[in-house]
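Try each task before you read its solution.

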Amino acid sequence: MIKNFAIIGCGHIGQRHVKHIKAHALGNVIGVFDIDSKVLLSFSAKNKLKSYSSLNDLLNDPDIDVVNICTPNGTHAELAIQVLESGKNVVVEKPMSISVLSAQEMQNAALRTGLKLFVVKQNRYNPPVSAVKRLIDQNKLGKTLMVSVNCFWNRNANYYQQSPWRGTKELDGGALYTQFSHFVDILYYLFGEIKNVTGKVANTSHHGLIEFEDSGTFSFEFENGGIGNLAFTTSSYKQNMEGSITIFSENSTIKIGGKYLNTIDYQVTNGFNIEDVPASSPANNYGFYEGSMSNHDMVINNVIETLNGRQEVMTNGYEGLKVVEMISQFYDASK
Ligand SMILES: NC(=O)c1ccc[n+]([C@@H]2O[C@H](COP(=O)([O-])OP(=O)(O)OC[C@H]3O[C@@H](n4cnc5c(N)ncnc54)[C@H](O)[C@@H]3O)[C@@H](O)[C@H]2O)c1
């Protein structure tokens, strides 16, 4: 039975990983590592876990099967490659990395070592997203005509000042990496790759807080046909307002909406309305800001089930790489 986890990064999301591994009937967290020794000690004490005194200590522990990387975006690639090369499977938080080259290197390391690389994209488990994915796989929607993505969230000064990596080009990378990679992932998951991207980004209200844009607007075409647009901002007044994907297809118009792709807000279909969508989990609530839907329990379940041969990886390194490529297509188009 493969079930022993270690966590690198004892911050907000690291805590969520520990909680859900502990809650899983088959999961077991052995220990944690963080470069901040104070954070490491208080986190390991609070969660009653072993604290590794160095990354090498963790990598050399023969009891660990899988390591969850819960550190700032810009550190994911190097850590993931080291973990894979030490002979352990990797679960990496989103975004997989913040450059195409480093995402390719991670995927190559997974192929070279024959180990599994899981990328956390928990919005794939949102009930409305799964329902639409099923309809697409059954060819119910017909030709894709147009897809419109709106990501209108709020991230304020408190949020950026809470962790030193946030808002930096080197470790955060940009709003499309940190806040909206989930939406780009769902775009890829449902409709595949894009081409001919045009658009703009701007820092409209976060001067002095972030080294990149807070807003952007893009149009593009899908490789598989149809056109699309993506508008995003972290400047929505006071609070998150909307996170939605509206799909215009030959046989239906469907809006997956709410603030986090958690509701079906509109549907007119050729007889295949989505009924009885189960209630969505609440959003990750971090006090003064809200993140995406909290489906990490399903992510952890997929890791355990896959490592024990009963499921396929929900989002693998190849797909994580494709999403990084799409984000970089957006940023390249804005230059
Ligand atoms: N899936 C989601 O919905 C979701 C939600 C929040 C955050 N995240 C992702 O999780 C990651 C962490 O975010 P967070 O909000 O928990 O950040 P955080 O700042 O709360 O925690 C990060 C921790 O990593 C540690 N760290 C930094 N560099 C390290 C290194 N090289 N080795 C070991 N430890 C290191 C820091 O000391 C800190 O304790 C980010 O990639 C973020 O995008 C995903």
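**Exercise 1.** Find out how many residues of helix α4 (residues 76-85) are buried, and what they pack against.

*Solution.* Helices here are DSSP runs of H or I with at least four residues, strands runs of E with at least two, numbered from the N terminus. Next, name them: His76, Ala77, Leu79, Ala80, Ile81, Val83 and Leu84. Then look for partners: these residues pack against β1 (4-8), α3 (55-59), β4 (66-69), β5 (89-92) and α5 (100-113). Finally, step past the helix to glycine 87, which has a positive phi near 95 degrees.

This is a predicted model, in which local features need pLDDT of at least 70 and side-chain atom pairs pLDDT 80 or more, while totals for chains, interfaces and linings use all residues. Residues are numbered from 1 along each chain as its sequence is written, and side-chain values use heavy atoms, without hydrogens and water.

**Exercise 2.** Decide whether serine 328 is buried or exposed, and list its contacts.

*Solution.* First, locate serine 328 in helix α11 (residues 317-333). Its relative accessibility is 17%, so serine 328 counts as buried. Now set aside neighbours within four places in sequence: serine 328 contacts (heavy atoms within 4.5 Å) Val100 and Tyr177.

Technical notes: Buried < 20%, exposed > 50% of the residue type's maximum accessible area, 1.4 Å probe, protein only.
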